[in-house]
Amino acid sequence: MSETASFSQSAPLAAFFISRYACDMFITGLGTAAPPGRYAQGECWEALKQSRLFHELSTRSRALVKKVLSGNNGIATRHLALDNLAQAFDLTPDALHARFLRHAPLLAAQAAERALAEAGNAAAEMDAVIISTCTGYLCPGLTSYVSEQLELRPDVLALDLVGQGCGAAVPNLRTAEALLASGRSGRVLSICVEVCSAALYFDEDPGVLVSACLFGDGAGAAVLANSADGKRRVKWHSSGSLLNPADRDILRFEQKDGMLRNVLRPQVPTLAAPQVEKVLQDVLQRAEIQRSQIAAWIFHPGGRDVLVALRRQLGLSPSDTRWSESVLGEFGNLSSQSVFFVLQAALADSAPDGWWWLSSFGAGFSCHGALLEVRRDEVKWVK
């Protein structure tokens, strides 16, 4: 196993890591899950107007929420872990924690079962399970609950990765890559799950209000292995990450009144786009791949403005981000699991074979990317 690392001189206080392991890693199965409750943005606006909380907001804040929920911001509906929208305004710490405890293990297990079914593997064949989340805290972690529900082996290596925000999927997958390369695991189950409705918060901060109007609930999972069968296979080729703590306060969770409060500043789109390009450039350079060779783009759909900024920065067309826009439209910002949904959409839409770029970014401020090679059986793999 070999790993190379370099440190960017252009980003102060930033650490930049690129890895390419000698072993192969394939995504052999993908699965996603979302709560059955699907709510149009207009329904959310009507429910908010009927709540006591609405009348506690200032006139300016009411106007902002109306603009976001009633305007064209790329989101039509969201799936939320609520029996009805009135529950969204039950905002005590105990109620929010109970929501996470009830739904996070369930959604994670559902996505994992679908990934295992696509891979053709039994749960007992998994040597490791890695679960990422940032919208709740459990000890023992989600791996305990999900391992029980899936009936994973008692000796499974269980890793809980907490607090990486919307960008967590790629670090999760890179951890799986390291386990496979080390020989410690032959198959790894990777899961990202967020119950954003368990981290709702309302106050007069515009970013906090906008956040409450954008995020949805769900889970994504992948089965990773050193080899793959099937008509279409996804091979992990190389990856990179960029961490810039100087911008930490632009996008993060903080604790207030015993609850998670999402800090979301308007600079996020303009901050994310150049960092996405930086990771892309460095990974492509090391892989000796030209940007023009990228056949499909898998972006975390953090919001309409984020996708617009990415297209502008990278010289892409709306067609290039169509799978991200589709996921954003139906599910909203799904946080860490969003790239699983986008990758699944691109595969289902028969996007062209070849090099694909997958990128996630979020709290930290962190940005991650991975170069994937998607081929059919008869095509030889690039070494």
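Trainee: How many salt bridges are there, and what counts as one?
Mentor: Side chains of opposite charge can pair when their charged atoms come close. The rule here asks for a side-chain nitrogen of Lys or Arg within 4 Å of a carboxyl oxygen of Asp or Glu. By that rule you get 19 salt bridges. Keep in mind that this is a predicted model, where local features need pLDDT of at least 70 and side-chain atom pairs count only at pLDDT 80 or more, while totals for chains, interfaces and linings use all residues. Residues are numbered from 1 along each chain as its sequence is written, and side-chain values use heavy atoms, with hydrogens and water left out.

Trainee: Which residue does arginine 153 form a salt bridge with?
Mentor: Its partner is aspartate 127, with the closest N and O atoms 3.1 Å apart. This pair links distant parts of the chain, 26 residues apart: arginine 153 is in the loop between α5 (142-150) and β6 (157-162), and aspartate 127 is in the loop between α4 (93-119) and β5 (128-133). Those labels come from DSSP runs, numbered from the N terminus: helices are H or I with at least four residues, strands are E with at least two.

Trainee: Is aspartate 127 buried or exposed?
Mentor: Buried, with a relative accessible area of 18%. The cut-offs are under 20% for buried, over 50% for exposed, and partly exposed in between (1.4 Å probe, protein chains only). Arginine 153, at 26%, is partly exposed.

Trainee: Where does arginine 261 sit, and what does it pair with?
Mentor: Arginine 261 is in strand β11 (residues 259-264), and aspartate 203 is in the loop between β7 (187-194) and α7 (206-214), 58 residues apart. Their side chains meet in a salt bridge at 2.7 Å, N to O. Arginine 261 is buried at 8% relative accessible area, and aspartate 203 counts as buried at 14%. Both belong to a network of salt bridges that links Asp203, Asp205, Glu254, Arg261 and Arg265.

Trainee: What about arginine 322 and aspartate 349: how far apart are N and O?
Mentor: That salt bridge has an N to O distance of 3.8 Å. Arginine 322 is in helix α10 (residues 322-331), while aspartate 349 is in the loop between α11 (338-348) and β13 (354-362), 27 residues apart. Arginine 322 counts as partly exposed at 34%, and aspartate 349 does too, at 43%.
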